[in-house]
Amino acid sequence: MAKENLTDFSLSRDSYTAFDAKSLKELIQTRLNEGGIYTDQTFEGSNMSSIIDVIAYSYHLLLFYLNQTSAESMFTDTSIYENMNRIVKLIDYKPKGYQTSLLSFNLNASSLLPEDAYTIKRYSYFVAGGLYYSFINDSTFNKTVPGDQNLQNFSSENILREGQYFEYPEITALGEDFETVTLAVQSNDDNLKINVDSNSIGLYVQDVDTKKIIEFTETSSLFLENSDSTVYEKRLNENGLYEFKFGNGIFGKKVNAGDSIFIYYIQSSGEAGVISPGVLDGNKLNLYNTPRFNQISQDIYNNTFNFLTTQQIQYLNFSNSLQSTEPVEKEDTETIRNNAAKNFQLQNRIITLNDYNDFLSTNFSQVLKSFNVVNNDDYVDQYLNYFLNIGLNKPNDDSRVLFNQVNFNSINQINNVYLFLVSKFNNVDENDNLSFVSTSQKSSIINSFKEQQQANVNIVPVDPVYTSFGLGVRSGENENITKDISNESFLIIKRNVLSNSSTEAIKERINNILVNYFDNLNLGDLVSLKELSNQIFNIGGIEDIRTRRVVNNIQVNEVEGISLVVYNPIYPDNDIQIVGSDIKLPFFKFPYLSNKSILSNIIVENA
């Protein structure tokens, strides 16, 4: 019979986790006291006591590092960006870097510009309000009439990015397999952050022997490429710098020892780079012109390009009717945790509707405020049927439906997937002017799906049905309501006579509650009048909420709680209703607060 492994320490195997410096010191002192040999341990300041302190606090420090190391090695627990970046690298997830502001524009060509096809060379830029906005690709337009021409197709298919292009110093390749170079753009001032736009990087390689310059393009994975593919993988590393990895001659073209690598990038102004409508108006395009880029141009372009000249630029008029988008910061640990899990689940394939939603959420949060993805059955049964129900003979009689059908739909609609998209580009302004995702943005979104979607699926972007909400009360049961009743309807707030808040302060707070509530709603959301009422009552001193209709200074009706008129601003006579309770919108309707305010229609009275 084997002898048991006995010990005089009555401790479990994992008891070390319960100790800290203080408890370990007490345990050592107790054991020494029980032994009856040593006594100095009970006197603070003695040599024995000092040795015990060193042992106890060293143990405490080691246990701290053990816990930290264990936590930071787990995908679900890590909180340090560097650790998270290394972990997701194992599942081939590439954290997304900084994204600069985007600007849509309008372009008109003068009659002085001859009819022809013209190309605006990449990296050309505007200086608008002291800020740079640049083209990142070569962009071609056709002047087809002798007179003035609005180049709407060109405007809808292209977009400007905020920031100025810079040339990174030449890098000499070592000729290694899967060679990696780094774009190390950093400021010497710790308080000054340099924002490099992740989606506007250009990379070129000059062969050391032939001196020919070739453009390399980004790929999602080198292992999907053949031996002569001029591609690279891009990754934002744990130091916040971009790394570019080339192939090994089997998976992607290998760079030779001595090859020159040229990198171009946009440096953004950050939030200061956002511009308002009209700032671009009247500004002339500037051509990007440096000795190195002129040398690159000689190799990457052929004689078929008719590039726009400095003289011809004078015949073009650029303008912007919308403000630019807000920039998007690089992913933090929480965003990486969410997006990496979704990306791993996709496995480079987009099959289900949830896959489409996850892909849009991960890649287009900068330009989309809200989106929904549906199949052909839901599109026909609910969306198209909606237009029939409000009195249109054919859904295509609606201009937005027809616009998207012509531009993006195919003849066979069985395998269509429909993307309902709401833009972040000032979708509805304070004057209730409606804006939709531009054609260029829609095209960009569709193209981004191509590598991962099923071959027989056709993606069709669709504009939402904007739905206006304003105060509204019927004057009588048989009234034929119109949207104009919102001008005659008022939110009546009964406050406690002992309330210390001023009338104007209460009105401001209530108006802000409604504005913020509707600003945070998305396609197909529940509009909860109960939640709105609760938020108003939480102000304090509010006794009652009512909605009143006043016509020619005469009160004609009043109801308890909040009552709203809800209507489609395009067809206000066909789709309009009064609601006094929560309302769930269909997936294609996007709610907004009429005129972005009800401040002038709030009345505060003493209870």
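## Lys 589 and Asp 575

In this predicted model, Asp 575 counts as buried, at 12% relative accessibility. Its side chain meets that of Lys 589 in a salt bridge, with 2.9 Å from N to O. The pair links distant parts of the chain, 14 residues apart: Lys 589 belongs to strand S30 (residues 589-593), and Asp 575 to the loop between S27 and strand S28 (576-579). Lys 589 is likewise buried, with a relative accessible area of 9%.

## Further salt bridges

The structure holds 20 salt bridges. One of them joins the side chains of Glu 233 and Lys 94 at 3.6 Å, N to O. Glu 233 lies in strand S15 (residues 231-236) and Lys 94 in the loop between helix H3 (81-89) and strand S1 (102-103), so this pair ties together parts that are 139 residues apart in sequence.

Another salt bridge is formed by the side chains of Arg 546 and Glu 558 (2.6 Å, N to O). Arg 546 is buried at 18% relative accessibility, whereas Glu 558 is partly exposed at 22%. Both residues belong to one network of salt bridges with shared partners, together with Lys 494, Asp 544, Arg 548 and Glu 605.

## Nonpolar cores

The largest nonpolar core has 29 residues, of which Leu 491, Ile 493, Ile 510 and Ile 536 touch the most other members. Among the elements that give it two or more residues are strand S23 (489-495), helix H12 (503-519) and helix H13 (529-537). H12 gives the most, with 7 residues.

A second, separate core of 26 residues includes Tyr 81, Phe 244, Phe 246 and Ile 336.

How values were computed:
Residues numbered from 1 in each chain as written. Predicted model: local features only at pLDDT ≥ 70, side-chain atom pairs only at ≥ 80, totals over all residues. Heavy atoms only, no water. Core = buried A, V, L, I, M, F, W, Y, C linked by side-chain atoms within 4.5 Å. Buried < 20%, exposed > 50% of the residue type's maximum accessible area, 1.4 Å probe, protein only. Helix = DSSP H or I, 4+ residues; strand = E, 2+ residues; numbered from the N terminus. Salt bridge = Lys/Arg side-chain N within 4 Å of Asp/Glu carboxyl O.
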